[in-house]
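Subject: Structure for you to look at

Hello,

Please find the structure below. Have a look at it before reading on, and keep it open while you go through the notes.

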Amino acid sequence: MGIDLKKMKAKLAALQNKGGGKTNFWRPEEGTSYSIRIVSTPDGDPFKEFWFHYDIGKGSILCPKKNHGDDCAICAFASKLYKEGTEESSKMAKKFLARQRFFAPVVVRGEEKDGVKLWGFGKNVYQDLINLVLNPDYGDITEPESGTDLSLVSTKVPGASFPTTKLTPARKTSKLCQGSSEECKELLDSVPNFDDSFERKTPEEVAAILDEHLSTDASAEESSSEVSVGGTKSKKASSTSAI
């Protein structure tokens, strides 16, 4: 059996993404209007769910427990904090919980040459999309020959933590690709592999990242608790203990 070129292209795309080259992901800019098309996947489910830990170490961390059923030191630490039962520990535990994020393959109109990208969004947008695909008035919005483009605008209200995404389906159906059959096939084949698009760390690697994060936080807390007294530094009593 010969080499599967499609799989090789997927591996190359994953390497490029991790190396800071051409990215698999697309993120709308706030206040800009877009027209996008969700692309079908072989399994019939273009919406994939992943869980991440944020603000621990550098960037996001794919949760070993929520995504793959492995041990996760961060989840265990959050659980330990909750069991302490204090208001302060419960508040801190929330910072370590894994958070749900959804992804779908999309073509951004006007940027078809860049191929299919993965668009990440939250639960509210996910619910809007599910309601849309279940609406009999639209049918299969991902169908390559007679699907439906979506108008997308992301805006952030002053004071809000996250932007709000508004989706409006087009009134008329359209083809996913206007090029030749070969070009259209190439576009469909460019759907990134979801699992290869995210770096999967071992439970041991996640534990090491957590240890470093807690060590750094403890050092910062200790440093901030020092006050200048007569030109020298002394430790100021803290109401919380370093974790």
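What follows is a short account of what was found, from the whole chain down to single residues.

This is a predicted model, in which local features need pLDDT of at least 70 and side-chain atom pairs count only at pLDDT 80 or more, while totals for chains, interfaces and linings use all residues. Residues are numbered from 1 along each chain as its sequence is written, and side-chain values use heavy atoms, with hydrogens and water left out.

The whole chain

The protein chain has 7 helices and 10 strands. Both are DSSP runs numbered from the N terminus: helices are H or I with at least four residues, strands are E with at least two. The chain has 243 residues, and 30% of them count as buried. Buried means under 20% relative accessible area, exposed means over 50%, and partly exposed is in between, with a 1.4 Å probe and protein chains only.

The accessible surface of the protein chain is about 15,700 Å², and carbon and sulfur atoms supply 50% of that. These areas come from the Shrake-Rupley method with a 1.4 Å probe; for residues, only the protein chains shown count as cover. Among contacts (heavy atoms within 4.5 Å) with a separation of 6 or more, 60% are between residues 24 or more positions apart.

The cysteines

A disulfide is a covalent bond between the sulfur atoms of two cysteines. Here the term is applied to a pair of cysteine sulfur atoms within 2.5 Å. The structure holds 1 disulfide. It joins Cys 177 to Cys 184, with 2.4 Å from S to S. The link is left-handed, at -85 degrees about the S-S bond. Cys 177 and Cys 184 are both buried.

Cys 63 is in no disulfide, and its nearest cysteine sulfur, in Cys 75, is 3.5 Å away. Cys 63 is buried, at 0% relative accessibility.

Lys 48

Lys 48 lies in strand β3, which covers residues 48-53. Is Lys 48 buried or exposed? Lys 48 is buried, at 17% relative accessible area. Beyond its neighbours within four places in sequence, Lys 48 is in contact with Asp 43, Arg 101, Phe 102, Phe 103 and Phe 194.

Regards
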